[in-house]
Amino acid sequence: MEINQLLDYQWSSMMPEFTILLTAVALSLVDLFMPKKRNRSVIIWFALSGIAVAIVFLIFQFDDGVVTILNQTYRLDSFAKAFKLLMLIGTGLVLLLGIKTNDLDEVKGEYPYLLLTGLLGGMMMASSADLITLFVGLELLSLSSYILVGIRKKNKLANEAAFKYIVNGGIATAITLFGMSYLFGLTGETNIYEIQALMGSDIVTENRYIAVFAFLMIFVGLAFKITAAPFHMWAPDVYQGAETPITAYLSVVSKIAGFAIMLRLIMVPFVFAPGTGKVITPDGVSYETLLVSVRPYLVLLAVLTILIGNLIALKQVNAKRLFAYSSIAHAGYLLVPLAALSELVFDAVWFYLAAYLLMNLGAFAVIDALGEENNEVTVASFAGLFKRSPYVTIAMTIYLLSLAGIPLTAGFIGKFEIFMSALGTEPKRFILALTMLAGTVLSYIYYFGLFVQMYFRKAEVKTPVLASNRLVAVLTITAAGTVLLGIFPSIALTFIHDHFQFLEIFNP
Amino acid sequence: MGGILTILILSPLLGVIVLSLMPANHSSVKMIGVFGTVLPLIVTIGVFSLYDRTLSGIQFMESYQWFELMTAISPNEPYPVTYDLGITGLSLLFLMLSALITFLASLAALRIQEGVKGFYMLFLLLEFGILGVFSSENLFLFFLFFEVTLVAMFLLIGKWGGFEREKAAFSFLVYNGIGSILLLIVIIVLFVEFRTMNISELTSLLQESASYEFLSGNTRMWLFLLLLLGFGTKLPIVPLHTWMVRVHIEAPIAVVMIHAGVLLKIGAYGLIRFGAGFFPEQLKETAVILAILGVINLLYGAFIALVQTELRAVLAYSSISHMGIVIIGVASFNTAGLQGAVFQTISHGLIAALLFLLVGVIVDRFQTTKLADLGGVASQTPLFAGFFLAAGLASLGLPGMSGFISEFLAFLGLFEAMPVIGSVGVIGLILTAVYMLRAVLAVTFGERKPQFDKQKDLSAVELVSSAILLSLIIWIGVYPAVLSNTLQMARTLGIGG
Amino acid sequence: MSSIPLSAFLLTALLLFCIGLYGALTKRNAVIVLISIELMLNAVNLNLVAFAKYGVGASIRGQVFSLFTITVAAAEAAVGLAILIALYRNRATVNVDEMNTLKK
Amino acid sequence: MDVVWLIPILPLLSFLIILFTRPNLYRKAGIVGTIFTGAAFGCALLVLFSNFAEGNQLVEANWFSIDSVVLTVGVEVNPLNALMLVIVTLVSFLVHMYSIGYMANDERIATFFGYLGLFTFAMTGLVLSPNLLQLYVFWELVGVCSFLLVGFYFYKPEAKAAAKKAFIVTRIGDIGLLVAIFLLFWQTGSFELDVIFESVLAGDITPSMVTLIAILIFIGAVGKSGQFPLHTWLPDAMEGPTPVSALIHAATMVAAGVYLVAVMYPLFSSSETAMTTVAITGGFTAIFAATIALVQRDIKRILAYSTISQLGYMMLALGAAGYTAGIFHLTTHAFFKALLFLAAGSVIHAVHEQDIFKMGGLRKQLPITAALCLIGCLSISGFPLLAGFFSKDEILASTYADGRYVLFTMALLTAFLTAFYMFRLYFLVFAGNESSKAKESSRIMLIPMFILGVLSVVGGYIQTAWFGTFLGDWLETSPYPITVDHPTAPIWLPISAILLSLAGIGLAWMYAKKLRYGERLNPVHRLLFHKYYIDEFYRVTIVKGTRVIGYFWMYFDRFIIEGGAQALIGLVKRMARAGSDIQSGQVQTYGTVAFSGLVVVLLLIAVIGGYF
């Protein structure tokens, strides 16, 4: 390819990525040359500003249509923008939350810029149209988060968490890649839109079992990122071992990225792929589409994820583990629209992720705040919180209600859409709906259990939790957002409807 | 009179706001709390007086677009979620009941000692939910307010309840959670099929035979059963009742007054409004089973109440028994029956409230609700004894009091369709007399107990509130037209038409 | 020239993958576990290259892909070993069985 | 005549006035009550005479509606209930007056008169009802008043038990009536008596249904009128103050059962089976209760059983197509039984003792009471030319005419027994040498007794073979189709009746001396004394049975239902524990689980997808 062709590309469509990249690089240099004694917290502000800029760029891109550059390996469509937006906001909030300043001696500036590189990977995942870029993005995110989890070199738990994370992650990656390799093998293409086009071909139809095999390998591999069964078990340990803000990062940003890539990989290459089941039509034998034939297994996985998450959460005493399981359960809810293959899938998943971002980040922020005095935050640490610091408690109440899916919170609207997507299809997926019923009711028990702690129990320590301004900021934003999206969901709904045509994802 | 319902629903929140701005230990917290319930009462009375009994259909309709759910696949066919308020005669009656009982309960709550501020805030929040439930003309809103009551009740029971309060709170939460989400499933199925959650629209849509291509009779049956299960948990229908007994026994008296007086009625309301309104065919098909369930409730509750040794337990099971009559009325699905069912919910609301008000007095004066430890209090507290006896008689369906009319109508309705089941059911009426007299006489009659000698009789507040309730009970009993006139129109909405 | 059928490569790759997986899931030594994961990734590379040569619409992309894979695998190994070293410093062991303080 | 509606209102007013001014009214309550009921009695008389003059009338107003069906309340006046009205208001009035003296020393006297007022209201309301719904309403109300008055001495455990029993046992009957009302409504589409009777005679209802309904109604009557097998509450009801026993449990409420049958007479008479049932129940109860009365020791209980027996008589009469006879006896019985109770009351008031074996020779101390009591006894025993004599003859005659000779003999026998136990009572209480000091009751108590005494003498002449059958002819003018027959009894019948009653009296006189030294207890005697052990029987069967069922369900509730829920919770907990146990902390376990999950899915899809 010619150099000028290279220059012809509309690079502006990558501006957000560039911003993040530059910020990360700059930060690393700054961090390098900054004298040891200097307080690193300035770096966090720098990173934040970088994200702000990136968001601005992203907003400017909203209304221009599909752009593909680097011969169709990078693709900027509404789908990508929508998810990038979430990831940017999520990372921003995590950064705002910051990491415990008292540890800055140990944790250098790498914390912020690793978050950024991870974010970069996520954004690449969101808007890559090629298996290779997709894979690279995935790994960029993974590797950064491996390091982030283990960023506390001297902390045993952190090390162990990191190791578990990388082992499971490695296996997952390998499985995904293996699936991808077959996908490539079937079509000889790595661009997913090319693949989509070729998937209908006879040769694929002959080897449709291989296609199904590839699909499942990829799916299960990616299940690791979104902590869906059967690849969920690493999550509680890692969440517990990692620093709370990083846990938040994993449970939100990396999960959003995971869903982005999963949606793209399910929706794009496999839509026209032939499935296993024969369909006898007057004019000869054809095959149902792959998605139809694998749907029962997706349903199965969704059901398992919901039940496992909610069931095991009942028995948790460590707050971070509790929320680890709860986030597994939420991943299960998020799988429901996929499994049902509802026409609501994009809207439902996006909205729920947005709500999830707010409420979950908020919850982890509170846990982080509680972590200040006693390092292990258990359910009992919430005791008498209302007496200690009422406002934090009210914020936490909002998050919990939202997570439990009580009306007037974002979580409810999200859940409502998910229920709709489960019951809107033909035939209605009552099994999914009932599983969600069971899951939700189980979740009531542990979420409201925290109410019992916060409102009914007496606290040992009477002092209010020390709330830094940054924490207050995060709590305000998330709590307000949760309630706002709960009462006026149209803000988000019309926004995505006006700016994002998710259908762009299909047309190459 | 646009917006009056919104005002009505929001009126309790005023109290919440004022309270939230006050210091917790301020002297006038209780006063504000009580006043907070007076406001809705006034508004409700206003609505009641403005309500036009001669018109049919929904009144005070308020309808605004709230938000739309859009799918990326077909963005031009949105699912509109609207904010619809409006009342029929049926809901009007329930509104009156709720406002009144909440007010009286707030008076009964004056005894609460610690955490008064929080109590009244939640209490008003609860009222907000209840009023919302009864005045929403939209399933989405209905569910929303329903959940509000759920949360408020959980906290009220769990913090201010008795010895096993948290257990009670959780079983309340779980059972009602299941019920509410079953309801949600039904709502959503209807929503995705008909793209509306407006109750009257849905009612008419579902009545059209054309709509069967959207929703097959089979699916409808399932939906109806889900609905029955959901509201049956609330009502409650045996065997889904254990949570409710626990709440009756553990929750603070004021809350029990609301719970037994109003919240249980949401189940009846839903069953009549949606069960009978949306799925009349299915209701007719299952009428016999429903009637049998009702009779089982009636007898089951009565028999168990017969051998309880604890007054609150007796009353809890008597509630179950009385709700059986509601089910019977709905099952008979003729005018008499449905009217009876509504009457029964209203009358039981008043009677249960009165009974628990007096139980509150017992707890306050005699520090026990064990039947064995009570007795002969008619000597020391004749006024109380008189009211308690009257309440008991009302609850066992004495003519001239509201209980009789409702039982009479419900059974009258049942006897048209299923005389045999009916004649089994009437045994319940005998048993009701037996356990009620047993309980009431055990408290009031018998040898004078010296340890109660210095107990004071009803205080002014208690006297007034009991008098209000009793006079209403008698008024309805003597002149039932005050209910039936208001109700006539509710029926023309195709409810049991 | 006589060509080895594609299936042979695929089979080898599959075998390699399973061996790697087996190692990763059973070996007690953390280093070996990491290496086994490398093995799995290499199985993927073998696949890719084989497809790139003999696959349907064989193209250079497969090899490019495998190059990326190799790089990434290297990075992953590096990170993994780094973490392992940190762990070893604190625990003085590389036995996977003993890394179970986080549980339940 | 438009004062009709005043009749129930006046007592209601007295009730309300007393209720709201109870504390400061205190003893004056008696005056209030008496005045109001007196006024009511006046109105009743007016109504009676106007009915002679103007005939029947019916006024109704809408109460509420079940959409098309409009339920009404109203008042109706026809011979039957005009007569009842007079009886009720009169006796009530007299009892009010009597109670002023009797209850003088009770500090809850005001409450007492309040209850009396309420009862009078309910009873008159019951009598005036033109439709079954209204009738049922008041039917229950009188029941509750009786409950309240029986339990008036609430601190006495016996009173508590008796009150509860009275309410529940009658309630059992009431339910029968209720069901009958339901059935009638769906058969005829109305609660109005006239409509119902029309469609009954038009034959719109199948005979079997008519029989069923009639019997159900009769069950209601059985409950109220203390007929076998629901009689057990009435003797216990004597725990109430004596005036109450006179008013409610002798003259008025217990007669309501008979009245009900009389009201529904057209229905009954169109079903042979129903009539037979009524007759047999009545006849049996009459003799059954009389035998028990033979050996009781408590003066009030004797009277109670005699009441049951006499009510049985009336039922027998009605069952034997003796409509007039039944009503007639109802009337006279109201007079002399009220009289007897009041007399008993004045005795008890004087000696504070109810066991007739601890009394004696009170003739001298209580001359007036004794005299009046004697009149009562003679009247009830059917002594010639007294009220009871004529009514009893009427009954015997109609029973004979009906041709059920077994019942007829039972009736005759009962007449004999009645004479015996009444005079056993009389002699034991008044004859012989005095045992205890006592002084005659005050005038306020004697006057009512005197009035009743007069009535029990002359009351019989409204319907006699010789002076004409005014009552019968008048009753025939009822708006409803009732057949009033004038049975002409053979001459030997009244004579044998007289002889039997005289024999009874004589026997009692002879026994009285012996009996004074206590009765010897042979098995028969013991059986009778324990009322055939029916109470005990009920206690072990029905009462215990119900409680057993109750306990069964309670434990079912606790262990099956709640236990089931607990089991479910336990299951969830166990699953949760199992889940968290898999979470072993072994990283490789996690990988294995994930991989095996993948493998399972692959296998599934391979098998189901049909790869193999």
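Of the 5 pairs of chains in contact, chains A and C share the most contacts, where two residues are in contact if their C-beta atoms, placed from the backbone, lie within 7 Å. The model is predicted: local features need pLDDT of at least 70, side-chain atom pairs count only at pLDDT 80 or more, and totals for chains, interfaces and linings use all residues. Residues are numbered from 1 along each chain as its sequence is written, while chains are lettered from A and ligands numbered from 1 in the order in which they are written.

**Contacts between chains**

- Chain A gives 37 residues to its contact with chain C, and chain C gives 37 residues.
- On the side of chain A that touches chain C, two or more residues come from each of helix H6 (131-149), helix H7 (156-187) and helix H11 (234-241) of chain A. Helices (H or I, at least four residues) and strands (E, at least two) are DSSP runs, numbered from the N terminus.
- H7(A) supplies 19 residues, the largest share of the side of chain A that touches chain C.
- That side of chain A holds 20 nonpolar, 10 polar and 7 charged residues. Ala, Val, Leu, Ile, Met, Phe, Trp, Tyr, Cys and Pro count as nonpolar, Asp, Glu, Lys and Arg as charged, and the others, Gly among them, as polar.
- The contact between chains A and B takes 30 residues from chain A and 31 residues from chain B.
- H15, helix H18 (410-423), helix H19 (430-456) and helix H21 (490-499) of chain A each give two or more residues to the side of chain A that touches chain B.
- With 11 residues, H19(A) makes the largest contribution to the side of chain A that touches chain B.
- The side of chain A that touches chain B consists of 22 nonpolar, 4 polar and 4 charged residues.
- Chain B and chain C are joined by no contact, and their closest C-alpha atoms lie 25 Å apart.

**Chain A**

- Chain A contains 21 helices and 4 strands.
- The radius of gyration of chain A is 22 Å, which agrees with the value near 23 Å that a compact globule of 508 residues would have. This radius is taken over C-alpha atoms, and the globule rule is 2.2 Å times the number of residues to the power 0.38.
- Along the principal axes, the C-alpha atoms of chain A fill a box of roughly 75 × 55 × 40 Å.
- Of the 508 residues in chain A, 66% are buried. A residue is buried if 20 or more other C-beta atoms lie within 10 Å of its own, exposed if 12 or fewer, and partly exposed in between, with C-beta atoms placed from the backbone.
- The mean pLDDT of chain A is 87, and 96% of its residues reach 70 or more; pLDDT is the predictor's confidence in each residue, from 0 to 100.
- Within chain A, confidence is lowest in helix H1 (residues 3-8), at a mean of 74, and highest in helix H17 (residues 390-404), at 94.

**Chain B and its domains**

- Chain B has 21 helices and 2 strands.
- Chain B is as compact as a globular protein of its length, because its radius of gyration of 22 Å is close to the 23 Å that the globule rule gives for 497 residues.
- The C-alpha trace of chain B spans about 75 × 60 × 45 Å along its principal axes.
- The domain assignment divides chain B into domain 1 (1-280) and domain 2 (286-497); such bounds come from an automatic or database domain assignment.
- The C-alpha centres of domain 1 and domain 2 of chain B lie 23 Å apart.
- Domain 1 of chain B gives 42 residues to the contact between the domains, and domain 2 of chain B gives 46 residues.
- H10(B) provides 15 residues, the largest share of the side of domain 1 of chain B that touches domain 2 of chain B.

**The largest nonpolar core**

- The largest nonpolar core has 691 residues, of which B:Ile185, B:Met257 and D:Val261 touch the most other members. Such a core is a set of buried Ala, Val, Leu, Ile, Met, Phe, Trp, Tyr and Cys residues joined through C-beta atoms within 7 Å.
- Helix H15 (residues 345-370) of chain A gives the most to this core, with 22 residues.
- Domain 1 (1-280) and domain 2 (286-497) of chain B both give residues to this core, so the core lies between them.
- Not counting residues up to four places away in sequence, B:Met257 touches B:Ile101, B:Leu104, B:Ala105, B:Ala108, B:Ala353, B:Phe356 and B:Leu357.
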